[in-house]
Amino acid sequence: MLTQHRQTWLERIYLPEVLRGLSVTVHHFTRNLSLHIAHAAGLKKNVPAAVTIPYPDVPADLMPRFRGMHRLTRKANGTVACTACLCCETACPCHAIDIVPEAVDDRAIEKRPKSFEIDLSKCSFCGFCVEACPVDAIRMDTGIFDVAMDSRAGLVWGREALMGNEQGEGMEVYPPIDREDLAPRAREVSRS
Amino acid sequence: MTGEFVIAIVKTIVAVSTLMTLAALLTWAERKQSAVMQDRIGANRAAILGFRAIGLFHIIADAIKMMTKEDFVPPFANRFIHSLAPFLAIFPAIVAFAAIPMGDTVTLFGHTVEMRLAPMNIGFLFIFAMASVTVYAIVLGGWSSNNRFAMLGAMRAAGQMISYELALGLAVVGSVMVYGTLDLMEIARAQTGLFAGFLPNWGIIYQPLGFLLLITASIAETKRAPFDIPEAESEIIGCFLEYSGMKFGMFFMAEFVTTVVVAGLVSTLYFGGYQVPYLMADGFHLPFGLFLVTPAALVPWLQFGAFWIKVVFFCWLLLTIRWTLPRFRYDQLMHLGWKILLPLALFNVAATGAWILAAA
(Lines give C-alpha, C1' and ligand atoms only; values in the text may rest on other atoms or scores of the structure.)
Protein backbone atom coordinates (compact mmCIF):
# COMPACT_ATOMS: atom_id res chain seq x y z
CA MET A 1 0.00 0.00 0.00
CA LEU A 2 1.19 3.48 -0.79
CA THR A 3 1.51 5.54 2.36
CA GLN A 4 1.65 9.28 2.18
CA HIS A 5 4.84 10.81 3.55
CA ARG A 6 3.86 12.71 6.66
CA GLN A 7 6.02 15.76 7.03
CA THR A 8 7.94 16.09 10.24
CA TRP A 9 7.85 19.30 12.21
CA LEU A 10 11.24 20.37 10.83
CA GLU A 11 9.97 19.88 7.28
CA ARG A 12 6.76 21.76 7.92
CA ILE A 13 8.49 24.91 9.08
CA TYR A 14 10.18 25.03 5.63
CA LEU A 15 13.33 26.80 6.70
CA PRO A 16 15.71 23.84 7.30
CA GLU A 17 14.51 22.23 4.08
CA VAL A 18 14.96 25.49 2.20
CA LEU A 19 18.51 25.73 3.50
CA ARG A 20 19.12 22.10 2.54
CA GLY A 21 17.93 22.79 -1.00
CA LEU A 22 20.02 25.94 -1.18
CA SER A 23 23.10 24.03 -0.06
CA VAL A 24 22.64 21.61 -2.97
CA THR A 25 22.23 24.35 -5.58
CA VAL A 26 24.98 26.54 -4.13
CA HIS A 27 27.31 23.54 -4.11
CA HIS A 28 26.61 22.95 -7.81
CA PHE A 29 26.97 26.67 -8.52
CA THR A 30 30.34 27.08 -6.83
CA ARG A 31 31.71 23.82 -8.23
CA ASN A 32 30.66 24.56 -11.81
CA LEU A 33 31.63 28.23 -11.67
CA SER A 34 35.14 27.44 -10.39
CA LEU A 35 35.44 24.77 -13.10
CA HIS A 36 34.34 27.27 -15.77
CA ILE A 37 36.95 29.74 -14.51
CA ALA A 38 39.59 26.99 -14.43
CA HIS A 39 38.69 26.03 -18.02
CA ALA A 40 39.05 29.65 -19.13
CA ALA A 41 42.51 29.64 -17.56
CA GLY A 42 43.31 26.38 -19.37
CA LEU A 43 43.22 24.16 -16.27
CA LYS A 44 41.27 20.98 -15.45
CA LYS A 45 40.06 20.58 -19.01
CA ASN A 46 39.25 16.91 -18.35
CA VAL A 47 36.60 17.69 -15.70
CA PRO A 48 33.44 18.92 -17.43
CA ALA A 49 31.65 21.89 -15.88
CA ALA A 50 28.37 21.15 -17.67
CA VAL A 51 26.64 18.14 -19.15
CA THR A 52 25.67 20.15 -22.22
CA ILE A 53 26.98 18.98 -25.61
CA PRO A 54 27.43 22.17 -27.66
CA TYR A 55 25.83 20.32 -30.56
CA PRO A 56 26.26 22.37 -33.74
CA ASP A 57 29.88 23.10 -32.78
CA VAL A 58 30.57 19.53 -31.62
CA PRO A 59 29.05 16.54 -33.42
CA ALA A 60 26.30 14.84 -31.49
CA ASP A 61 27.29 11.67 -29.68
CA LEU A 62 25.03 8.97 -31.16
CA MET A 63 24.52 5.37 -30.15
CA PRO A 64 25.92 2.89 -32.74
CA ARG A 65 22.39 1.64 -33.48
CA PHE A 66 20.83 5.08 -33.77
CA ARG A 67 18.20 5.12 -36.53
CA GLY A 68 18.87 8.16 -38.62
CA MET A 69 18.28 9.18 -42.19
CA HIS A 70 17.80 6.29 -44.67
CA ARG A 71 20.22 5.36 -47.40
CA LEU A 72 20.05 3.01 -50.37
CA THR A 73 22.98 0.62 -50.58
CA ARG A 74 24.78 -0.24 -53.80
CA LYS A 75 25.88 -3.46 -55.40
CA ALA A 76 29.55 -4.10 -56.07
CA ASN A 77 29.19 -2.54 -59.53
CA GLY A 78 27.78 0.65 -58.06
CA THR A 79 24.18 0.26 -59.14
CA VAL A 80 21.36 0.38 -56.63
CA ALA A 81 20.93 -2.81 -54.62
CA CYS A 82 17.16 -2.39 -54.43
CA THR A 83 15.16 -4.90 -56.49
CA ALA A 84 11.87 -2.99 -56.17
CA CYS A 85 10.15 -5.89 -54.37
CA LEU A 86 7.99 -3.33 -52.49
CA CYS A 87 8.51 -5.13 -49.14
CA CYS A 88 9.53 -1.90 -47.45
CA GLU A 89 6.65 0.00 -48.98
CA THR A 90 4.28 -2.67 -47.64
CA ALA A 91 5.92 -2.73 -44.22
CA CYS A 92 5.91 1.06 -43.84
CA PRO A 93 3.27 2.01 -41.25
CA CYS A 94 3.29 5.64 -42.37
CA HIS A 95 2.99 5.10 -46.14
CA ALA A 96 6.10 7.21 -46.41
CA ILE A 97 7.78 5.11 -49.13
CA ASP A 98 6.72 5.31 -52.75
CA ILE A 99 8.45 2.99 -55.24
CA VAL A 100 7.81 2.85 -58.95
CA PRO A 101 9.40 -0.40 -60.29
CA GLU A 102 10.61 -0.96 -63.80
CA ALA A 103 11.63 -4.17 -65.56
CA VAL A 104 15.27 -4.82 -66.37
CA ASP A 105 16.91 -7.39 -68.62
CA ASP A 106 19.01 -8.80 -65.75
CA ARG A 107 17.40 -12.16 -64.95
CA ALA A 108 18.93 -12.14 -61.46
CA ILE A 109 16.81 -9.25 -60.24
CA GLU A 110 14.13 -8.72 -62.92
CA LYS A 111 13.10 -5.37 -61.42
CA ARG A 112 14.69 -2.22 -60.15
CA PRO A 113 13.22 1.01 -58.79
CA LYS A 114 12.50 3.55 -61.49
CA SER A 115 11.89 5.98 -58.67
CA PHE A 116 12.29 5.47 -54.92
CA GLU A 117 10.90 8.27 -52.76
CA ILE A 118 10.78 8.58 -48.98
CA ASP A 119 8.62 11.38 -47.60
CA LEU A 120 10.39 12.37 -44.41
CA SER A 121 7.44 14.44 -43.28
CA LYS A 122 5.51 11.16 -42.96
CA CYS A 123 8.38 8.89 -41.84
CA SER A 124 8.41 7.97 -38.15
CA PHE A 125 11.91 6.47 -38.30
CA CYS A 126 10.65 3.13 -36.96
CA GLY A 127 13.07 1.07 -39.04
CA PHE A 128 10.49 -1.46 -40.28
CA CYS A 129 11.65 -0.88 -43.87
CA VAL A 130 15.19 -1.92 -42.92
CA GLU A 131 13.91 -5.10 -41.28
CA ALA A 132 11.61 -5.88 -44.20
CA CYS A 133 14.25 -5.57 -46.92
CA PRO A 134 15.37 -9.03 -48.18
CA VAL A 135 18.47 -7.72 -49.97
CA ASP A 136 19.86 -5.21 -47.45
CA ALA A 137 19.13 -2.38 -49.87
CA ILE A 138 17.87 0.12 -47.33
CA ARG A 139 19.59 1.03 -44.11
CA MET A 140 19.18 3.74 -41.49
CA ASP A 141 22.80 3.87 -40.34
CA THR A 142 23.78 7.30 -41.67
CA GLY A 143 23.57 9.01 -38.30
CA ILE A 144 21.94 11.99 -40.03
CA PHE A 145 19.07 13.39 -37.97
CA ASP A 146 19.13 17.13 -38.53
CA VAL A 147 17.14 17.29 -41.76
CA ALA A 148 15.36 20.63 -41.92
CA MET A 149 13.86 22.07 -45.09
CA ASP A 150 12.13 25.25 -46.14
CA SER A 151 9.36 23.36 -47.90
CA ARG A 152 7.43 20.09 -47.65
CA ALA A 153 8.62 19.19 -51.14
CA GLY A 154 12.21 19.32 -49.93
CA LEU A 155 11.44 16.56 -47.43
CA VAL A 156 10.71 14.06 -50.21
CA TRP A 157 14.03 12.35 -50.88
CA GLY A 158 14.50 10.59 -54.20
CA ARG A 159 16.59 7.60 -55.27
CA GLU A 160 19.79 9.45 -56.16
CA ALA A 161 19.72 11.51 -52.97
CA LEU A 162 19.20 8.40 -50.82
CA MET A 163 22.03 6.62 -52.64
CA GLY A 164 24.24 9.62 -51.94
CA ASN A 165 24.03 9.08 -48.15
CA GLU A 166 26.99 7.33 -46.60
CA GLN A 167 27.21 5.09 -43.58
CA GLY A 168 27.80 7.25 -40.53
CA GLU A 169 31.01 6.96 -38.57
CA GLY A 170 30.73 4.39 -35.79
CA MET A 171 27.29 3.30 -36.91
CA GLU A 172 26.57 -0.42 -37.04
CA VAL A 173 23.88 -2.43 -38.80
CA TYR A 174 21.70 -4.61 -36.65
CA PRO A 175 21.63 -7.54 -37.09
CA PRO A 176 25.08 -7.55 -38.74
CA ILE A 177 24.37 -8.61 -42.31
CA ASP A 178 26.54 -11.13 -44.11
CA ARG A 179 26.29 -10.23 -47.77
CA GLU A 180 26.99 -13.82 -48.87
CA ASP A 181 23.73 -14.96 -47.27
CA LEU A 182 21.67 -12.47 -49.16
CA ALA A 183 19.13 -13.57 -51.75
CA PRO A 184 20.68 -17.00 -52.43
CA ARG A 185 18.00 -17.78 -55.01
CA ALA A 186 18.80 -14.68 -56.94
CA ARG A 187 22.45 -15.59 -57.03
CA GLU A 188 21.71 -19.13 -58.21
CA VAL A 189 19.57 -17.78 -60.99
CA SER A 190 22.33 -15.45 -62.09
CA ARG A 191 24.85 -18.33 -62.16
CA SER A 192 22.71 -20.55 -64.40
CA MET B 1 20.70 76.72 -5.83
CA THR B 2 21.79 75.91 -9.37
CA GLY B 3 24.56 73.76 -7.94
CA GLU B 4 22.10 71.69 -5.94
CA PHE B 5 19.92 71.29 -8.99
CA VAL B 6 22.85 70.04 -11.06
CA ILE B 7 23.89 67.69 -8.26
CA ALA B 8 20.36 66.29 -8.04
CA ILE B 9 20.30 65.65 -11.79
CA VAL B 10 23.74 64.03 -11.81
CA LYS B 11 22.80 61.87 -8.83
CA THR B 12 19.60 60.77 -10.54
CA ILE B 13 21.39 59.91 -13.77
CA VAL B 14 24.11 57.94 -11.98
CA ALA B 15 21.72 56.08 -9.70
CA VAL B 16 19.08 55.28 -12.30
CA SER B 17 21.61 54.18 -14.89
CA THR B 18 23.35 51.97 -12.32
CA LEU B 19 19.98 50.54 -11.30
CA MET B 20 18.89 49.87 -14.86
CA THR B 21 22.27 48.43 -15.84
CA LEU B 22 22.16 46.11 -12.87
CA ALA B 23 18.60 45.10 -13.74
CA ALA B 24 19.62 44.41 -17.34
CA LEU B 25 22.62 42.42 -16.15
CA LEU B 26 20.27 40.42 -13.95
CA THR B 27 18.47 39.13 -17.05
CA TRP B 28 21.84 37.78 -18.14
CA ALA B 29 22.73 36.58 -14.65
CA GLU B 30 19.41 34.81 -14.32
CA ARG B 31 20.10 32.76 -17.42
CA LYS B 32 23.74 32.08 -16.72
CA GLN B 33 23.39 31.46 -13.01
CA SER B 34 20.51 29.04 -13.45
CA ALA B 35 22.55 27.25 -16.12
CA VAL B 36 25.60 26.96 -13.91
CA MET B 37 23.45 25.74 -11.02
CA GLN B 38 21.88 23.08 -13.24
CA ASP B 39 25.12 21.84 -14.87
CA ARG B 40 24.23 23.57 -18.14
CA ILE B 41 26.04 26.19 -20.22
CA GLY B 42 23.28 28.75 -20.70
CA ALA B 43 22.59 31.33 -23.38
CA ASN B 44 25.79 31.85 -25.37
CA ARG B 45 24.67 32.13 -29.00
CA ALA B 46 24.34 35.89 -29.44
CA ALA B 47 27.58 37.03 -30.99
CA ILE B 48 28.98 40.18 -32.54
CA LEU B 49 31.64 39.42 -35.18
CA GLY B 50 31.97 35.92 -33.78
CA PHE B 51 32.72 37.29 -30.32
CA ARG B 52 30.33 35.87 -27.74
CA ALA B 53 31.34 37.59 -24.48
CA ILE B 54 29.88 34.77 -22.33
CA GLY B 55 26.37 35.52 -23.53
CA LEU B 56 26.30 39.19 -22.54
CA PHE B 57 25.06 40.20 -25.99
CA HIS B 58 21.79 38.45 -25.21
CA ILE B 59 20.83 41.58 -23.27
CA ILE B 60 21.13 43.61 -26.47
CA ALA B 61 19.42 40.90 -28.50
CA ASP B 62 16.53 40.85 -26.01
CA ALA B 63 16.17 44.62 -26.12
CA ILE B 64 16.11 44.64 -29.93
CA LYS B 65 13.62 41.80 -29.99
CA MET B 66 11.26 43.45 -27.53
CA MET B 67 11.38 46.84 -29.19
CA THR B 68 10.80 45.55 -32.69
CA LYS B 69 8.03 43.12 -31.82
CA GLU B 70 4.44 43.97 -32.65
CA ASP B 71 2.76 45.96 -29.90
CA PHE B 72 -0.51 44.08 -29.74
CA VAL B 73 -3.59 45.40 -27.95
CA PRO B 74 -6.37 42.82 -27.87
CA PRO B 75 -9.68 43.75 -29.50
CA PHE B 76 -12.22 45.29 -27.10
CA ALA B 77 -9.45 45.86 -24.56
CA ASN B 78 -9.32 49.21 -22.84
CA ARG B 79 -6.48 50.68 -24.86
CA PHE B 80 -5.56 53.45 -22.41
CA ILE B 81 -5.48 51.31 -19.27
CA HIS B 82 -3.82 48.45 -21.14
CA SER B 83 -0.98 50.80 -22.06
CA LEU B 84 -0.90 52.43 -18.62
CA ALA B 85 -0.39 49.21 -16.64
CA PRO B 86 3.24 48.48 -17.66
CA PHE B 87 4.22 52.03 -16.74
CA LEU B 88 2.55 51.58 -13.36
CA ALA B 89 4.65 48.44 -12.94
CA ILE B 90 8.09 49.83 -13.74
CA PHE B 91 7.77 53.44 -12.50
CA PRO B 92 7.22 52.67 -8.78
CA ALA B 93 9.94 50.03 -8.90
CA ILE B 94 12.50 52.59 -10.10
CA VAL B 95 11.22 55.42 -7.90
CA ALA B 96 11.32 53.27 -4.74
CA PHE B 97 15.08 53.19 -5.07
CA ALA B 98 15.22 56.94 -4.32
CA ALA B 99 14.84 56.31 -0.60
CA ILE B 100 17.75 53.89 -0.31
CA PRO B 101 21.09 55.45 0.74
CA MET B 102 24.04 54.42 -1.41
CA GLY B 103 26.64 56.06 0.81
CA ASP B 104 27.21 58.68 3.47
CA THR B 105 27.42 62.39 2.72
CA VAL B 106 30.45 63.48 0.70
CA THR B 107 31.79 66.91 -0.10
CA LEU B 108 32.18 67.47 -3.83
CA PHE B 109 33.37 70.81 -5.26
CA GLY B 110 32.33 72.58 -2.07
CA HIS B 111 28.86 71.07 -2.01
CA THR B 112 27.65 68.57 0.57
CA VAL B 113 26.11 65.69 -1.34
CA GLU B 114 23.98 63.08 0.30
CA MET B 115 24.38 59.77 -1.59
CA ARG B 116 20.68 59.19 -1.83
CA LEU B 117 18.30 60.46 -4.47
CA ALA B 118 15.57 61.80 -2.22
CA PRO B 119 16.62 63.05 1.22
CA MET B 120 13.48 62.17 3.15
CA ASN B 121 12.82 60.97 6.66
CA ILE B 122 10.00 58.61 5.72
CA GLY B 123 12.05 56.17 3.65
CA PHE B 124 10.11 53.07 4.65
CA LEU B 125 6.68 54.52 4.07
CA PHE B 126 7.77 55.74 0.65
CA ILE B 127 9.12 52.34 -0.40
CA PHE B 128 6.01 50.51 0.78
CA ALA B 129 3.72 53.08 -0.79
CA MET B 130 5.50 52.54 -4.09
CA ALA B 131 5.42 48.76 -3.67
CA SER B 132 1.65 48.97 -3.21
CA VAL B 133 1.23 50.82 -6.50
CA THR B 134 2.53 47.80 -8.41
CA VAL B 135 -0.62 45.92 -7.36
CA TYR B 136 -2.56 48.42 -9.49
CA ALA B 137 -0.36 47.58 -12.46
CA ILE B 138 -1.21 43.91 -12.13
CA VAL B 139 -4.93 44.36 -11.54
CA LEU B 140 -5.33 46.96 -14.28
CA GLY B 141 -3.20 44.96 -16.69
CA GLY B 142 -5.24 41.83 -16.11
CA TRP B 143 -8.60 43.58 -16.16
CA SER B 144 -8.01 45.73 -19.23
CA SER B 145 -6.76 42.82 -21.36
CA ASN B 146 -10.29 41.53 -22.03
CA ASN B 147 -9.16 38.01 -21.27
CA ARG B 148 -10.59 35.76 -18.58
CA PHE B 149 -7.29 34.08 -17.85
CA ALA B 150 -5.48 37.39 -17.50
CA MET B 151 -8.27 38.57 -15.20
CA LEU B 152 -8.05 35.43 -13.06
CA GLY B 153 -4.28 35.71 -12.95
CA ALA B 154 -4.54 39.32 -11.87
CA MET B 155 -6.96 38.51 -9.05
CA ARG B 156 -4.68 35.74 -7.86
CA ALA B 157 -1.64 38.02 -8.05
CA ALA B 158 -3.42 40.82 -6.22
CA GLY B 159 -4.42 38.38 -3.47
CA GLN B 160 -0.83 37.28 -3.08
CA MET B 161 0.68 40.74 -3.07
CA ILE B 162 -1.79 42.20 -0.60
CA SER B 163 -1.32 39.34 1.86
CA TYR B 164 2.44 39.62 1.69
CA GLU B 165 2.56 43.39 1.93
CA LEU B 166 1.12 43.10 5.40
CA ALA B 167 3.91 40.78 6.54
CA LEU B 168 6.45 42.96 4.71
CA GLY B 169 5.32 46.10 6.51
CA LEU B 170 5.20 44.43 9.91
CA ALA B 171 8.59 42.76 9.44
CA VAL B 172 10.40 46.08 9.30
CA VAL B 173 8.48 47.56 12.26
CA GLY B 174 10.98 45.73 14.48
CA SER B 175 13.88 47.59 12.84
CA VAL B 176 12.01 50.88 13.12
CA MET B 177 11.57 50.24 16.84
CA VAL B 178 15.23 49.34 17.34
CA TYR B 179 16.56 52.43 15.58
CA GLY B 180 13.68 54.75 16.39
CA THR B 181 13.53 56.27 12.92
CA LEU B 182 11.93 55.73 9.53
CA ASP B 183 14.90 57.35 7.82
CA LEU B 184 16.95 54.71 6.01
CA MET B 185 20.02 56.96 6.07
CA GLU B 186 19.81 57.23 9.87
CA ILE B 187 19.40 53.46 10.14
CA ALA B 188 22.46 52.87 7.96
CA ARG B 189 24.44 55.38 10.03
CA ALA B 190 23.43 53.66 13.26
CA GLN B 191 24.94 50.40 12.07
CA THR B 192 28.52 51.62 12.34
CA GLY B 193 30.98 50.28 14.89
CA LEU B 194 31.30 46.84 16.39
CA PHE B 195 29.05 44.51 18.31
CA ALA B 196 30.65 42.59 21.20
CA GLY B 197 34.05 43.80 20.08
CA PHE B 198 34.48 41.77 16.90
CA LEU B 199 31.21 41.57 14.91
CA PRO B 200 30.07 44.39 12.63
CA ASN B 201 27.19 46.15 14.35
CA TRP B 202 24.65 45.19 11.70
CA GLY B 203 20.90 45.05 11.98
CA ILE B 204 20.70 41.29 11.55
CA ILE B 205 22.12 40.90 15.07
CA TYR B 206 19.11 42.73 16.50
CA GLN B 207 16.49 41.53 14.02
CA PRO B 208 17.27 38.01 12.73
CA LEU B 209 13.60 37.07 12.55
CA GLY B 210 12.76 40.37 10.88
CA PHE B 211 15.37 39.61 8.21
CA LEU B 212 13.86 36.20 7.43
CA LEU B 213 10.35 37.64 7.29
CA LEU B 214 11.41 40.58 5.13
CA ILE B 215 13.31 38.46 2.62
CA THR B 216 10.42 35.97 2.36
CA ALA B 217 7.77 38.65 1.96
CA SER B 218 9.87 40.64 -0.47
CA ILE B 219 10.41 37.65 -2.75
CA ALA B 220 6.62 37.47 -2.86
CA GLU B 221 6.58 41.18 -3.66
CA THR B 222 9.01 40.73 -6.54
CA LYS B 223 6.66 38.06 -7.92
CA ARG B 224 9.42 35.51 -8.42
CA ALA B 225 9.67 31.83 -7.55
CA PRO B 226 8.76 30.30 -5.15
CA PHE B 227 6.03 32.96 -5.15
CA ASP B 228 5.65 33.37 -8.90
CA ILE B 229 1.94 32.60 -9.04
CA PRO B 230 1.26 35.99 -10.72
CA GLU B 231 3.34 34.85 -13.68
CA ALA B 232 3.76 31.05 -13.42
CA GLU B 233 5.54 31.13 -16.78
CA SER B 234 5.62 27.37 -17.23
CA GLU B 235 1.83 26.98 -17.16
CA ILE B 236 -0.45 29.96 -16.99
CA ILE B 237 1.20 33.39 -17.54
CA GLY B 238 -1.19 35.30 -15.31
CA CYS B 239 -1.85 38.97 -15.66
CA PHE B 240 0.46 39.85 -18.54
CA LEU B 241 -0.95 37.23 -20.83
CA GLU B 242 -2.03 39.79 -23.43
CA TYR B 243 1.14 41.87 -23.45
CA SER B 244 3.77 41.77 -26.14
CA GLY B 245 6.86 43.64 -27.15
CA MET B 246 8.21 46.36 -24.90
CA LYS B 247 5.05 46.50 -22.79
CA PHE B 248 5.75 42.96 -21.68
CA GLY B 249 9.40 43.97 -21.41
CA MET B 250 8.45 46.66 -18.91
CA PHE B 251 6.69 44.15 -16.66
CA PHE B 252 9.74 41.95 -17.07
CA MET B 253 12.17 44.75 -16.22
CA ALA B 254 10.02 45.79 -13.25
CA GLU B 255 10.63 42.36 -11.74
CA PHE B 256 14.38 42.78 -11.96
CA VAL B 257 14.38 46.41 -10.80
CA THR B 258 12.27 45.34 -7.80
CA THR B 259 14.83 42.62 -7.11
CA VAL B 260 17.59 45.23 -7.00
CA VAL B 261 15.50 47.50 -4.78
CA VAL B 262 14.73 44.63 -2.40
CA ALA B 263 18.42 43.71 -2.31
CA GLY B 264 19.20 47.35 -1.47
CA LEU B 265 16.53 47.45 1.23
CA VAL B 266 17.68 44.19 2.83
CA SER B 267 21.32 45.25 2.86
CA THR B 268 20.44 48.68 4.24
CA LEU B 269 18.25 47.34 7.04
CA TYR B 270 20.10 44.22 8.12
CA PHE B 271 23.59 44.30 6.65
CA GLY B 272 24.82 47.75 7.41
CA GLY B 273 23.87 49.43 4.13
CA TYR B 274 26.93 51.24 2.90
CA GLN B 275 28.97 50.41 6.03
CA VAL B 276 32.21 48.57 5.37
CA PRO B 277 32.98 46.18 8.25
CA TYR B 278 35.60 47.59 10.63
CA LEU B 279 35.97 50.78 8.58
CA MET B 280 35.75 54.00 10.62
CA ALA B 281 36.27 57.55 9.40
CA ASP B 282 40.04 57.27 9.81
CA GLY B 283 40.72 53.69 8.71
CA PHE B 284 40.15 50.01 9.31
CA HIS B 285 39.93 49.05 12.98
CA LEU B 286 40.37 45.29 12.79
CA PRO B 287 39.93 43.08 15.86
CA PHE B 288 42.97 42.19 17.99
CA GLY B 289 44.15 45.79 17.83
CA LEU B 290 45.10 45.85 14.16
CA PHE B 291 44.74 49.25 12.53
CA LEU B 292 45.00 50.24 8.89
CA VAL B 293 45.02 53.90 7.91
CA THR B 294 42.80 54.85 4.97
CA PRO B 295 42.73 58.33 3.42
CA ALA B 296 39.59 60.12 4.59
CA ALA B 297 38.66 61.06 1.01
CA LEU B 298 38.58 57.39 0.04
CA VAL B 299 36.16 56.29 2.77
CA PRO B 300 32.87 57.44 1.12
CA TRP B 301 33.79 55.72 -2.14
CA LEU B 302 34.70 52.50 -0.32
CA GLN B 303 31.26 52.72 1.28
CA PHE B 304 29.61 53.37 -2.09
CA GLY B 305 31.34 50.27 -3.47
CA ALA B 306 30.45 48.22 -0.40
CA PHE B 307 26.78 49.09 -0.84
CA TRP B 308 26.72 47.86 -4.43
CA ILE B 309 28.69 44.74 -3.55
CA LYS B 310 26.07 43.94 -0.92
CA VAL B 311 23.29 44.62 -3.42
CA VAL B 312 24.91 42.30 -5.97
CA PHE B 313 25.30 39.62 -3.31
CA PHE B 314 21.62 39.79 -2.37
CA CYS B 315 20.60 39.79 -6.03
CA TRP B 316 22.63 36.60 -6.33
CA LEU B 317 20.94 35.16 -3.24
CA LEU B 318 17.46 36.04 -4.56
CA LEU B 319 18.29 34.41 -7.91
CA THR B 320 19.62 31.32 -6.12
CA ILE B 321 16.41 31.03 -4.11
CA ARG B 322 14.39 31.57 -7.28
CA TRP B 323 16.17 28.69 -9.01
CA THR B 324 16.11 26.35 -6.02
CA LEU B 325 12.58 26.28 -4.67
CA PRO B 326 9.48 25.05 -6.48
CA ARG B 327 6.37 27.21 -6.57
CA PHE B 328 3.97 27.27 -3.64
CA ARG B 329 0.46 26.14 -4.34
CA TYR B 330 -2.10 28.93 -3.87
CA ASP B 331 -3.49 27.57 -0.58
CA GLN B 332 0.04 26.97 0.74
CA LEU B 333 0.89 30.52 -0.24
CA MET B 334 -2.06 31.95 1.66
CA HIS B 335 -1.34 29.65 4.61
CA LEU B 336 2.26 30.81 4.74
CA GLY B 337 1.31 34.47 4.41
CA TRP B 338 -1.58 34.74 6.85
CA LYS B 339 -0.99 31.93 9.34
CA ILE B 340 2.80 31.88 9.59
CA LEU B 341 4.41 35.12 8.43
CA LEU B 342 1.83 37.49 9.91
CA PRO B 343 1.80 35.97 13.45
CA LEU B 344 5.61 35.74 13.36
CA ALA B 345 5.85 39.39 12.35
CA LEU B 346 3.50 40.37 15.18
CA PHE B 347 5.55 38.23 17.57
CA ASN B 348 8.71 39.95 16.31
CA VAL B 349 7.18 43.37 17.05
CA ALA B 350 6.11 42.28 20.54
CA ALA B 351 9.45 40.64 21.32
CA THR B 352 11.39 43.67 20.10
CA GLY B 353 9.21 45.92 22.24
CA ALA B 354 9.79 43.74 25.29
CA TRP B 355 13.53 43.70 24.61
CA ILE B 356 13.68 47.50 24.27
CA LEU B 357 11.71 47.92 27.50
CA ALA B 358 13.99 45.47 29.32
CA ALA B 359 17.11 47.18 27.99
CA ALA B 360 15.89 50.68 28.95
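In chain A, 69% of the contacts with a separation of 6 or more join residues 24 or more positions apart. Two residues are in contact if their C-beta atoms, placed from the backbone, lie within 7 Å. A word on the source: this is a predicted model, where local features need pLDDT of at least 70, side-chain atom pairs count only at pLDDT 80 or more, and totals for chains, interfaces and linings use all residues. Residues are numbered from 1 along each chain as its sequence is written, while chains are lettered from A and ligands numbered from 1 in the order in which they are written.

Stay with chain A. It has six helices and five strands. Helices are DSSP runs of H or I with at least four residues, strands are runs of E with at least two, and both are numbered from the N terminus. From the N terminus on, the order in chain A is α-α-β-α-β-β-α-β-β-α-α. The radius of gyration of chain A is 26 Å, well over the 16 Å that the globule rule gives for 192 residues, so chain A is more spread out than a compact globule. That radius is taken over C-alpha atoms, and the rule is 2.2 Å times the number of residues to the power 0.38. The C-alpha atoms of chain A fill a box of roughly 85 × 55 × 40 Å along the principal axes. Buried residues make up 19% of the 192 residues in chain A. Buried means that 20 or more other C-beta atoms lie within 10 Å of the residue's own; exposed means 12 or fewer, partly exposed is in between, and the C-beta atoms are placed from the backbone.

Next, chain B. It has eleven helices and six strands. The radius of gyration of chain B is 22 Å, close to the 21 Å from the globule rule for 360 residues, so chain B is as compact as a globular protein of that length. Its C-alpha atoms fill a box of roughly 70 × 55 × 50 Å, again along the principal axes. Of the 360 residues in chain B, 41% are buried. Residues 24 or more positions apart account for 76% of its contacts with a separation of 6 or more.

Now the cores. A nonpolar core is a set of buried Ala, Val, Leu, Ile, Met, Phe, Trp, Tyr and Cys residues joined through C-beta atoms within 7 Å. Which residues have the most contacts inside the largest core? They are B:Leu214, B:Val257, B:Val260 and B:Val266, in a core of 86 residues. Helix α9 of chain B, residues 245-270, gives the largest share of this core, 15 residues. Beyond its neighbours within four places in sequence, B:Val266 contacts B:Leu214, B:Ile215, B:Phe271 and B:Phe314. There is a second, separate core of 22 residues, which includes A:Ala81, A:Ile99, A:Cys123 and A:Met140.

On to where the chains meet. Eleven residues of chain B are in contact with 14 residues of chain A. On the chain B side, α1 and α10 (299-322) each give two or more residues. α1(B) gives the most, with three.

How do the helices cross? The axes of α2(A), residues 15-40, and α1(B), residues 2-37, come within 7 Å and cross at roughly 100°. That makes α2(A) roughly perpendicular to α1(B), a label for angles of 65 to 115 degrees. B:Gln33, B:Val36 and B:Met37 in α1(B) meet residues of α2(A), among them A:Phe29 and A:His36.

Last, the loop between β1 (71-72) and α3 (87-91) of chain A. A:Thr83 sits there. It is buried, with 22 other C-beta atoms within 10 Å. A:Thr83 and A:Pro113 are 30 residues apart in sequence, yet 6.6 Å apart in space, C-alpha to C-alpha. A:Ala84 lies in that loop too. Most residues other than glycine have a negative phi. A:Ala84 has a positive phi of about 55° although it is not a glycine. Is A:Ala84 buried or exposed? It counts as buried, with 22 C-beta neighbours inside 10 Å. B:Leu49 also has a positive phi of about 55° without being a glycine. B:Leu49 is in the loop between α1 and α2 (57-68) of chain B. With 4 C-beta neighbours inside 10 Å, B:Leu49 counts as exposed.

Conventions
Axes are lines fitted to C-alpha atoms, for helices over the stretch in contact, and angles run from 0 to 180 degrees between N-to-C directions. Angles under 35 degrees count as roughly parallel, over 145 as roughly antiparallel, 65 to 115 as roughly perpendicular and the rest as oblique.
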